[in-house]
Amino acid sequence: MMRLDKYLSERTGLTRSESRKAITKGRVAVNGVVCRKADTQVAEDASVAVDGSPLGGVYQKYVYIMLNKPEGVVSASRDKRDTTVVDLVAADFPRRALFPAGRLDKTSTGFVLLTDDGALAHDLLSPAHHVTKQYRVTLDTPLTEAMRAGFAAGVTLADGQRLAPAEVEPAGEDPCEVRVRLHQGVYHQIKRMFGVYGAGVNALHREAIGAVALDPALAPGQWRELTAAELAALQKA
Ligand code: URA
């Protein structure tokens, strides 16, 4: 249950005061009956109409957005200089406090999950949960057996930090094209892991988070909400 003015504001993008005005003017009906009290408690599955038009869809407590992050965009909610991943979707979610659940470097591309569900984001990022993230990486030198074996054993970074085992394998004919699966998240992890072997990263693209793959129909900068099955898969992870 929640207050009618809050419900209306979250569902329509009206501000709370605009919502209250619409309600007190008698423009809002709940389950077919005009309701002029902004503090009326309404169920999340109530049928609410404004000026006789039902609000479409079912109320969503949280939103979950799959974004294909383009290069040059920063993984933050707000930034003084650069466009952020939240800027790319904000116009469609004016009342939501969205943030990226996990970061990609400014130069990296691919799957960023945007949400306002702090509990799910916490679980996906928590070291205890080991949610796998899969990347397609273009190296400036061919993949070697030493890299493969080192990733599998657990790389020790230049600063002495010992990482959990990870996987790297060829991603096609080109020996510089590889696929990496990580089970933890450390700042600049992939670049630093390859750096241990003297290899540079020319491009890095996140293909999947847990069992959910980035939708290939999404061009860089495009996004869509997760399907119910995708959300269930992340909640299970
Ligand atoms: N590892 C990196 O080095 N960069 C990313 O953006 C993601 C993982």
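**Entry 1: the pocket.** I looked up the lining of the largest pocket and found 29 residues, of which R103, L104, G185, V186 and Y187 lie nearest its centre. The model is predicted: local features need pLDDT of at least 70, side-chain atom pairs count only at pLDDT 80 or more, and totals for chains, interfaces and linings use all residues. Residues are numbered from 1 along each chain as its sequence is written, and side-chain values use heavy atoms, without hydrogens and water.

I noted the term. A pocket is an open set of points, on a 1 Å grid over the protein atoms alone, where a 1.4 Å probe fits, with protein on both sides within 12 Å along at least five of seven lines; lining residues have an atom within 4 Å of a point.

I then looked up the volume, the space filled by probe spheres set on the points. The largest pocket holds about 650 Å³ of space.

Which element gives the most to the lining? I found α5, with 3 residues. At least two residues each come from α3 (118-125), β10 (133-139), α5 (189-195) and β13 (201-209). Helices (H or I, at least four residues) and strands (E, at least two) are DSSP runs, numbered from the N terminus.

**Entry 2: the ligand.** I checked where the ligand sits. The space it takes is the largest pocket; sitting there means that more than half of its atoms lie within 2 Å of the grid points.

A polar side-chain atom of D105 lies 2.7 Å from a ligand nitrogen. S108 has a polar side-chain atom 2.9 Å from a ligand oxygen. For Q189, a backbone N or O atom lies 3.5 Å from an oxygen of the ligand.

**Entry 3: D215.** I found D215 in the loop between β14 (212-213) and β15 (223-225). Its side chain makes a polar contact with the side chain of R224 (2.8 Å). A polar atom of the D215 side chain also lies 2.8 Å from the backbone nitrogen of A217.

Key. A polar contact is a pair of N or O atoms within 3.5 Å; within protein, one must be able to donate a hydrogen and the other to accept it, and residues adjacent in sequence count only if both atoms are side-chain atoms.
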